[in-house]
Amino acid sequence: MSVIQPLLRLLCVLSLVLGGSGSGSGLHGHNSSVSHEYCVLGAGPAGLQMGYFLSRSQRDYIILERNTGPGSFFQIYPRHRKLISINKIYTGRRNKEFNLRHDWNSLLSDRPDLLFQRISQELYPSADDFPRYLSMFVKELGLKVKYGADIGRIKASDSNGNQGYILTDQNGVSYQCSVLLVSTGLWVPQQVDFLGSDLVEGYESIPTDPEEFKDQAVLILGKGNSAFETAQSILGRASRIHLYSPSPVRLAWQTHYVGDLRAVNNELLDTYQLKSLDGLVEGRLEDIAIVRREKDGGRRRKAKKRSQTSKEGKEQLYLTLTELLDQNGNNISKVTGQNLPGFHTDNFSLRQPYDRVIRCLGFRFNFSIFDGSARPAQSSGARGRLPGVTAWYEGRGTPNMFVLGTAAHSRDYRMSAGGFIHGFRYTVRAVHKILEQRYHNIAWPATKLPLSQLQSWILRRVNEASGPYQMFGVLGDIILLRGSYCEYLEEFPLQALPQLSALSGRPLTDHGLLVLVMQYGLNRTDTLGPGRAESEWTKAWRSNFLHPVLYYYNSLPTEKDMRQRPVGWPLPRPEAVHHMVEDFLTEWDQPISHSQPLRRFLEHCLQTDLRPFYAESCFLLSLTSRTPPLFCRQGYLRKRGIVGNSHLRQHAREAGLMADHQGDVTPGDDTSVSEYLKHAGAAVVSTMNFDL
Amino acid sequence: MCIVYLAAFLFSLTSEQCSSKLIEDSSQSFMERMHSGKTSFIYFGNHVNPTIKLFVEQLVMSADALQDYGISVVKVNCSKDAIANYCTGEKLMTRAYLFRGSEVLRSFDIDTVFDVNAIVSHVLFSVLFNEVRYVHTPAELLRVESTAKQNSDIVVGHIPVLGLPEHRALMEAAFVYGTKYQFVQTTGTLVLKHMGVVDPSSSQARLWFLHCKGVSRRSDPCPSTPMRKTLNTINIHTFLQLMEAPLVPQTQHLDRATAQTLALQLRGEVGVVLIHRDSPNVKAALKYNAAYRLPQEDVTYFTLNSAEGVVKLFKEELLQEHKLEDEEEDEEHWSDLDILDDEVSESVYRDRDLMLDLESVIELTSDTFQTTVTQNEITVVLFYFKWDAVCMAFIQSYIEVADALEGMNGVKLAAVNCGEWTDICSDQNVTSFPTVLIYRPMAEAQLYRGMLGTKCLHGFILLSLVSSPYLLSSSAEVMSFLEGDLYSKHMYLTPVRVLGLFSSTHDMGVTPFEEAARLLRGETILGLFAHKEAEQWVEGLSVNLPALLVSRGPGVPHEVYSLPSSSPTDLVSLIKQVELDRFPELTVENLPWYLELGKPLLLLFIGKEDSTESTKALAEIKRPLSSGQLDSFLPCWIHLGRTPVGRSILEKYLGFVPPLPVLVMSRLKTGEEVFLFPPERPLMAKNILQWIHDVQSGHEQPAGLIPDGKWGPPVPFFDFLAIMDQEAPTYAAQRAPKMKTGGREDHREQKHVTQNQRQTPHPSPNPQAPRQHSEL
């Protein structure tokens, strides 16, 4: 292996040099240089997803990967090799779009069979399957990936007045890119500085064999999925597992955020609550110190020498507080009892020593490869671990550099699924549409619909679309109203709404717009308690589970509106809002609870009657009013009226919604009285029938 | 013996009631009555049983009541005076008759006119037939309203059961106020709903006053005031008096506006009067500016701050009983929201437990789609959504077509559920639902552009099987195509044949014509005759080849048009246009083609029975047709038997249905007036032309108006924002400007940190309790 790798690299360099000079682009003499319109950094799921879209639109692109295969993160992580992303292959449905709602691992493509289920049938698949899937994805779609190119430095450069980027790999090969797409993921383990942090093992390097933890007391720093995953694997071997971090556990099934603790990993909650020696503790990481002390350390009566026998010399780790240590020095080798919290508070929770302390604090973005002007700012949220990006995922301060994948999670950190494959596959698609508009003047794809079709189109999206469903609150469908028709744009990044026209290339008219968003409820109640679900459509705004929400604006919200949006809302206060009541089966297709309220909302926004009418009614209305209702204008009068059969029309007559012409009175002529008589009699009879 | 006894008994009854107004007629007085022309209510009897006895008692009472209205109540003893026609037959004893002179206005079963109230109400209703409109549907009511607007106010009474005291009270009111107001009676629950009653099943009688006279524009609706008290003569009278009273009498000064608002809102319940403070009779303290007096109570003074406050005071506090009622209405108003209000959804919803029998339709999947659509000569595919009412309404017709075509070779009907097979629907570019596409092997899918109904689709599919264009190689074949064997083969589909005539197959126009014919497959039967003999068919006509010949069946003269060289799509629209009938019968299915022409309609309505009058009228309109005198119009006709909805059109145009046939001019696009050809004038070509001339020169008065109503939302929408603001005031409010953008989560995190810091004191030398580590 060690011999082959340098060889391969050499080959790569050779081929590059050859290729470069062959194409005539090698301007810099011996310093080999390649230029591409798009450089994608990293062949992980996000990089490959972008690669697919670039390849489909036939752009000049290259995916640079430092390792020898795609998705190398998954070769190592998760350390205990079980993916917790749901791979639900049986949904009872054959709708491919709908099924993506329950497939969290597949990437998007136009190949119906290029799904993760081809690799694994497990609900929680093995981590090894994922790189295999990615390799298949690369191979079948013929994506251009250059492996073994380890980019160590990224500089900004000026290319035709626009900021471009020059990437240099370990061999000095440089890549000139007009647009840089950073999908490097998060690789750098997050660390917190405190005294004794060198005594702590990291998640990235701990042994995964539970036997190594036999009868050991383990302190894990962190309460996320990696901490619990680690705890779970050693649960049957370790004597005591304590989890320590600032904030309490957040459960994914309570917060609806998949980055919070998933039930797949939460066995320790059981052993904690059933008092089986494990536990969770909250406290600041910056305040603690880990100190080493010999077992049973401290002052001993010199006389008794028999007490130290078997575990002679074995040191144990204590958790203490910085403030209890001597102020003057970092000399923590001489720890006395006074330096430990247990000395002061006899029932201090973490007073017992540990055999191991493990850090499971997650990962951060690698900012170090970016030179000054090319370095994106740190995000304000997520403890600065992520690059800050605009609402359309362009680095803050780094034009023409976009951040994709997990690294772009700062937009919806702890809110939605943008940090996970099943979420960012859609944001990548959205970014690609923005690229197409900005660099190639190809407007955001839109479906032109007559208004009479709008309701059924919305219902269709609500019932099958996977993008807004997975990226709830972040990506939403935009409906640009244009009078008698509308344009339907799918999966636009909501926070970029003020820049809609520029980003999508679709101008706005004064007819306003509608935004369709999927949202969880905002007032969280007891997730499993009574009253957790709402079934009355008039109380739909109190829905707690994922449900569609429509916002109507008569003009585009400004950035200021966006900043001042109501607390917890994805969008500013609209002119009118409509919540479609949450549905137990996530099927929003019922006439009374879903369709009709939606239609009435649309009618209000469009200020027009959207009811469908049978051809016979349209016939009547077309001859007796100068502008018949919209449905008649866009259907019947275009010769596509809905005739219905007599059985249905009879229903409509019985419901009193269609006039009955058979028995109309004919006043004015001689027969009127006798006709009337029939009626008067009938009225008496019919009243009786009603009373029955 | 028996008869004698009974006669004696009857006589005794009469003698007892000689003080009453009930008249007993002999045959002679009856004959006189017949010639007097007066209105009388007559009962013929020949014996008495307990039922009849009770009825006669009621008859006696009604005689008193009806005398006030100039109606005599008469009894004829048939055992004494056998009057022809009435004293014989099965109906004797069980019927009573209302006469005007010798004419019977109406006959009643005595079960219907069972008591005095029933007698009075039914008799008055019959007498007032022309004054009191009887409506069933909201539409009818609206028509009455539209004719009454700016003219007179309307009193609407809802009488759930006829013949009860409420009915009588309404009829009596109608008799008194009939000349002043338009009275409307309804028994239907539909009208109730229309008037905003939430529980139409309650059998309470109701009354509304519609203020139509004062509406400023004809397009405005008439404001209505419900009468909140029970329906009896006194209450109706009071109510109508209140309606009649000026809103604010003795109005002076600037307070008028306030008083008027108040009066409008309290109309029918509270009278509002403005009194000048300086008037010597006023003894009110200065701090008060208003006063009220409830019945049987003293005047109470109070301070008026706003009109709303007063309305609230009255509606909620002083008129307690109404408050309850209002609340009830409010509550049920929202439950009303759960009723489907569109005809398609509701009719489909009513079939929700009906399992659709899709046996004759193949349900396609992603796996079977491609193979199926290439297998048959014609595969018709319906793209639908299960949850779309329009799709589900159409699918019933679609199944009917499939059933009708089952077993036919080369034709298969299939369906794709786009809720499941979304990929097929996207691949086939279907963006509108329902959509029907016609697939043929090796050809692009053809969109079905016709009406979504059984008849139209069935015809289309059958026509699609006819090759298009139909290639004709000799004049004999052309003959056969136009009226011979080739014609009769498809005669049942359509009588119209369109023939493209070219001098040779090399003509430049042949290819576009063939392409157009392909596009029109299923819609038109097109023939193509590219032959040197084609010349014969245009001989003697002012048209040269290439030409288009239209035949509307054997015996009808052909029409010939010259065929310009143009694109296939232009040819399609040309062919569609020449195909149109020049004097069509309008039907639900074909109207859109004719409305597209944008011409004023000259519309003849023909009754159900095909009378000679109708045939004559049709012929009379046809006459000026050929001379081109009606070219600026679309002459057309509607047969009310085949198109019953035509009756509603007539009613909407004129407010009533005159004797048929009737000719109407409706300027749908250019104006709003509807003109009626005077019924007294005979429907003759020259009269019609004269009338058209009069209309155009403005000498005719319009008989009705076509409203240019905007179709706004039919119901107010459910305003979630308003509810949020009410129930959780800050929830939907924009944040105050100074707050930072940072997400909610960040704040929470910071808060958490500060909490910890606060909890961590720094007593360094003597750290008593580092309690910040808490086990939660």
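Student: Why is Arg383(A) called partly exposed?
Tutor: This is a predicted model, and in it Arg383(A) has a relative accessible area of 48%. Buried means under 20% and exposed means over 50%. The value of 48% lies in between, so Arg383(A) is called partly exposed.

Student: Why is Ala382(A) called buried?
Tutor: The relative accessibility of Ala382(A) is 6%.

Student: Where is Ala382(A) found?
Tutor: Ala382(A) is in the loop of chain A between β15 (363-364) and β16 (401-403). Arg383(A) also lies in the loop between β15 and β16 of chain A.

Student: What is the phi of Ala382(A), which is not a glycine?
Tutor: Ala382(A) has a positive phi, about 50°. For Arg383(A), not a glycine either, phi is positive and about 50°.

Student: What makes the pair Asp341(B) and Arg600(A) a salt bridge?
Tutor: The closest N and O atoms of Asp341(B) and Arg600(A) are 2.8 Å apart. A salt bridge needs a side-chain nitrogen of Lys or Arg within 4 Å of a carboxyl oxygen of Asp or Glu. Arg600(A) and Asp341(B) are of the required kinds and 2.8 Å is within 4 Å, so the pair is a salt bridge.

Student: How many salt bridges are there between chain B and chain A?
Tutor: The count is ten. Polar contacts between the two chains come to 43 residue pairs, with both residues at pLDDT 80 or more.

Student: Which helix gives the largest share of the side of chain B that touches chain A?
Tutor: Helix α27 (residues 744-759) of chain B does, with eight residues. By class, that side of chain B has 67 nonpolar, 34 polar and 31 charged residues.

Student: How many residues of each chain are in contact, and what area do the chains bury between them?
Tutor: In contact are 132 residues of chain B and 130 residues of chain A. The two chains bury about 12300 Å² between them, and carbon and sulfur atoms account for 58% of it.

Student: Is the peptide bond from Tyr77(A) to Pro78(A) cis or trans?
Tutor: The bond is cis, with omega near -10°. Pro78(A) sits in the loop between α3 (73-76) and α4 (96-99) of chain A.

Student: What is omega for the cis peptide bond from Ser468(B) to Pro469(B)?
Tutor: Omega is near 0° there. Pro469(B) is placed in the loop between α16 (454-464) and β18 (470-472) of chain B.

Key
Residues are numbered from 1 along each chain as its sequence is written. Chains are lettered from A and ligands numbered from 1 in the order in which they are written. This is a predicted model: local features need pLDDT of at least 70, side-chain atom pairs count only at pLDDT 80 or more; totals for chains, interfaces and linings use all residues. Side-chain values use heavy atoms; hydrogens and water are left out. Contact means heavy atoms within 4.5 Å. Buried area is the accessible area (1.4 Å probe) that two parts lose on being put together, summed over both. A polar contact is a pair of N or O atoms within 3.5 Å; within protein, one must be able to donate a hydrogen and the other to accept it, and residues adjacent in sequence count only if both atoms are side-chain atoms. Helices (H or I, at least four residues) and strands (E, at least two) are DSSP runs, numbered from the N terminus. Ala, Val, Leu, Ile, Met, Phe, Trp, Tyr, Cys and Pro count as nonpolar, Asp, Glu, Lys and Arg as charged, and the others, Gly among them, as polar. Buried means under 20% relative accessible area, exposed over 50%, partly exposed in between (1.4 Å probe, protein chains only).
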